Amino acid sequence: MNEFVIHSIPASPFGRAVFITLEEKYAFYRLAAVAPATLRAPEHLARHPFGRIPVMEHGGFRLYETQAIVRYIDRALPTPPLTPRDPKAAARMDQIMNITDWYLFQGVAGVIGLQRIVGPCLMGINPDEDAIAAAMPKAQTVFKELARQLGDSDYFVGHSLTLADILLAPHLEVFRTMPAWLPLTEKAPNLRAWLDRMNKRASFQATSRENIARMDRSSATA
């Protein structure tokens, strides 16, 4: 099986979801690091016409969009399976993945993370507290629903890891570094326990910020 090449910003939670999926499959892969300033460069736009990440290359096959990539990996490498066979369970997985993309990231993580992390660290600007405050009601709705969907289960679809957990976990791990985490999870101890459970997985540890930074350095010297 050909090596998977993943073009991504090293700190991206979307890229990390792809890395976790590959780790769960014991697949060979490497990071082709993309600098945020080059997302609109012709070289990257040739890979992704919308100037986003990640992009996967596998044996001459190129694919973008995180959900498409992790589903492809799960189909190309069927063991261990990360999609339930039961149609209802698979539909629940799809639902959680769409909550992550359309409600958690859009208008919540994309706002709060931008203001708390991306702006101060990469752009040298102070957080816009009004923008953060405006995003918090939607954030509370999302976290409440995620906690309800998880319930007493070990993972979001029963007691086995699925792509839903893999897509969501990197985003919540970023939230855990921000002040919003405590108020958002105050009434959701199950989400905290679930994220602790994810952090104990070998795939999660292998894709820690430190290990991804090592991948980045390796790709730079390759």
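**View 1. Strand β1 is covered on both faces.** In this predicted model, Phe4, Ile6 and Ser8 sit on one side of β1, Val5 and His7 on the other, and all are buried (under 20% relative accessible area, with exposed over 50% and partly exposed in between; 1.4 Å probe, protein chains only). That makes five of five buried residues for β1, which spans residues 4-8. Strands (E, at least two residues) and helices (H or I, at least four) are DSSP runs, numbered from the N terminus. In a regular strand, side chains alternate between the two faces of the sheet.

**View 2. Ile6 has a partner on each of two strands.** In β2, its bridge partner is Leu31; in β3, Ile6 stands opposite Met56. β1 pairs with β2 (residues 29-33) in the parallel sense over five bridges, and with β3 (residues 55-58) in the antiparallel sense over four. Pairing here takes at least two DSSP bridges between the strands.

**View 3. The open sheet runs β2-β1-β3-β4, with mixed pairing.** β2 and β4 (61-64) are the edge strands, each with a single partner, so one side of each has no neighbour in the sheet. Over at the β4 end, four bridges join β3 to β4 in antiparallel fashion, and His58 stands opposite Phe61.

**View 4. Helix α3 packs on the sheet.** Residues 66-76 form this helix, which touches β1, β3 and β4 (contact means heavy atoms within 4.5 Å).

**Notes.** Residues count from 1 along each chain as its sequence is written, and side-chain values use heavy atoms, leaving out hydrogens and water. Local features need pLDDT of at least 70 and side-chain atom pairs count only at pLDDT 80 or more, while totals for chains, interfaces and linings use all residues.

Note on methods: Axes fitted to C-alpha atoms, helices over the stretch in contact; angles between N-to-C directions.
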